[in-house]
Amino acid sequence: MTHLIHEEVKDDLLSRGYSRRQMLRTAMMFSGAAATGLTMNTELAFAADEEAGGKGMVRIGSNECWTGPMEPGLKAGQAALVNSNRYSPNNEVANLLKTISTVENIPEDHIAVYPGSGGILARTLVAFCSPTKGFVQADPTYDNPTRVAKFIKTPMSNVPLTSDYRHDVKAMLAANPNAGVYYVVNPNNPTGTMTPMAEIEWLVNNKPAGAIVLIDEAYIHWHKDFPNNTANHLVRAGKEVIIARTFSKVFGMAGARCGFLMASPEVLKKVAIFETDRPSIPTAACANASLTATSIINARRKELMDNRAMTVEYLTKRGFKPIGESHANMIMVDWKKPAQQMQDIYKAQGVLIANPRWPSWPTVGRISIGNKAEMEAFCNATGKILA
Ligand SMILES: Cc1ncc(COP(=O)(O)O)c(C=O)c1O
């Protein structure tokens, strides 16, 4: 399977201390994840479980959008599907790159699209971590890279969030001053909390040369300051960063699989690592048409913020004020009892909240924010549970 790895990448991996056996495992991760039993995207894995047991239930466990692709995206995607006997009927992927470039004001050769952003995170770890260059992340945070780090056996540091739920960037650097990747999720999953830009910039300016600050902006649209809350100016400034984005959230395309990264061309090349996969033509066309659907994006943002505020207000009234201030489509609650137990209790009420998987916070559960009816159903179930 190592034939999948470009020769120069093979040399790079070997020089970074990977054994031939680890290289093989790494190649398996991208080419045969199903065969290895490894599902890298935990939200996706949970959503699949939900699908199996969750027919007819209120599904607010996987941080998905409550609704599907936007109308202009659906139209473009359908038109592309009709012509998908061709590998590239109308330059769909190139057109998507062009649109991202315009919207983000980032040169096209600094952008790469992939089928979802989970794979981008995995590739970044393989490209910049190694048995000697570790991985540093917050605790709790999005757990996909944890699984990758364990799989490739890179040393991992988990640094608790600050008492107000920011990434503790100074402690992250201190935890491993010679790491390969520092991972910042902004807004964070599962807390929805933000780390101020100045602190991210501090990390970028103080990390060791050659290391990458991986800034995961999956939830950026749900913040009131969007589009001014991105760190993409750091790419423009030539810093050693990777910005990861996904179409799985506000664009309602989680199952369609599309994401992109922004970084320097050198970094892009390193992240490509293996023969690259790209989104399907209908997906690329759908993403392209959705990216500029500003009024729909803003309508969804408002809907989310209203439903989030309504849910926070209800929970606070019932004595379960959510943890921190969420700027994403999720909130966290300390149930003061095992989170698994609460997930089961909600399930019995027909509501699927996240499966608890943040070991440092065993009594805390995560609730994704859905549409008004879904959040009312959640509040009703809570009322019954607390009665
Ligand atoms: C923070 C974060 N990053 C990345 C992803 C991966 O998203 P996808 O692979 O669907 O693009 C998720 C999924 O929920 C996430 O929460």
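This is a predicted model: local features need pLDDT of at least 70, side-chain atom pairs count only at pLDDT 80 or more; totals for chains, interfaces and linings use all residues.
You will find K336 in the loop between strand 9 and helix 15 (339-348). Its backbone deserves a look too: K336 has a positive phi of about 65°, although it is not a glycine. Most residues other than glycine have a negative phi.

Y165 also has a positive phi, near 70°, and is likewise a residue other than glycine. This residue sits in the loop between strand 4 and helix 9 (169-175). Is Y165 buried or exposed? Y165 counts as buried, because it has 21 C-beta neighbours inside 10 Å, and the cut-off for buried is 20 or more.

## A glycine in a loop

Y165 is one of the residues touched by G324; the others are D164, T191 and T193, leaving aside residues up to four places away in sequence. G324 itself belongs to the loop between helix 14 (294-317) and strand 9 (330-334). With 19 other C-beta atoms within 10 Å, G324 is partly exposed.

## Strand 3 and its partners

Now turn to strand 3 (residues 135-139). Four of its five residues are buried, so the strand is largely enclosed by the rest of the structure. Strand 3 pairs in the parallel sense with strand 4 (residues 156-160) over five bridges, and D139 has P160 as its bridge partner in strand 4. To get from strand 3 to strand 4, the chain passes through helix 8 (residues 144-152), making a right-handed β-α-β crossover.

Strand 3 also pairs with strand 5 (residues 181-185), again in the parallel sense, over two bridges. Here F135 has V181 as its bridge partner.

## Two cis peptide bonds

Most peptide bonds are trans. Where can you find a cis one? Look at the bond that joins D139 and P140, where omega is about 0°. P140 lies in the loop between strand 3 and helix 8. The peptide bond from N189 to P190 is cis as well, with omega near 25°, and P190 is in the loop between strand 5 and helix 10 (197-206).

## An antiparallel pair

In a regular strand the side chains alternate between the two faces of the sheet. Strand 2 (residues 111-114) lets you see this: I111 and V113 point one way, A112 and Y114 point the other way, and all are buried. Strand 2 runs antiparallel to strand 8 (residues 259-262), and four bridges join them. Within this pair, V113 stands opposite F260.

## Domains and ligand

How is the chain divided into domains? The assignment gives domain 1 (2-35 + 70-291) and domain 2 (42-68 + 295-386). Their C-alpha centres lie 25 Å apart, and 24 residues of domain 1 are in contact with 27 residues of domain 2. On the domain 1 side, the touching residues comprise 11 nonpolar, nine polar and four charged.

Finally, look around the ligand, which has 15 residues around it; E43, G116, G118, T246 and S248 come nearest. By class, the shell holds four nonpolar, nine polar and two charged residues.

Notes:
Residues are numbered from 1 along each chain as its sequence is written. A residue is near a molecule or strand if its C-beta atom, placed from the backbone, lies within 6 Å of it. Ala, Val, Leu, Ile, Met, Phe, Trp, Tyr, Cys and Pro count as nonpolar, Asp, Glu, Lys and Arg as charged, and the others, Gly among them, as polar. Domain bounds come from an automatic or database domain assignment. Two residues are in contact if their C-beta atoms, placed from the backbone, lie within 7 Å. A residue is buried if 20 or more other C-beta atoms lie within 10 Å of its own, exposed if 12 or fewer, and partly exposed in between; C-beta atoms are placed from the backbone. Two strands pair if DSSP finds at least two bridges between them. A crossover is right-handed if, with the strands pointing away from the viewer, the path from the first strand over the helix to the second runs clockwise.
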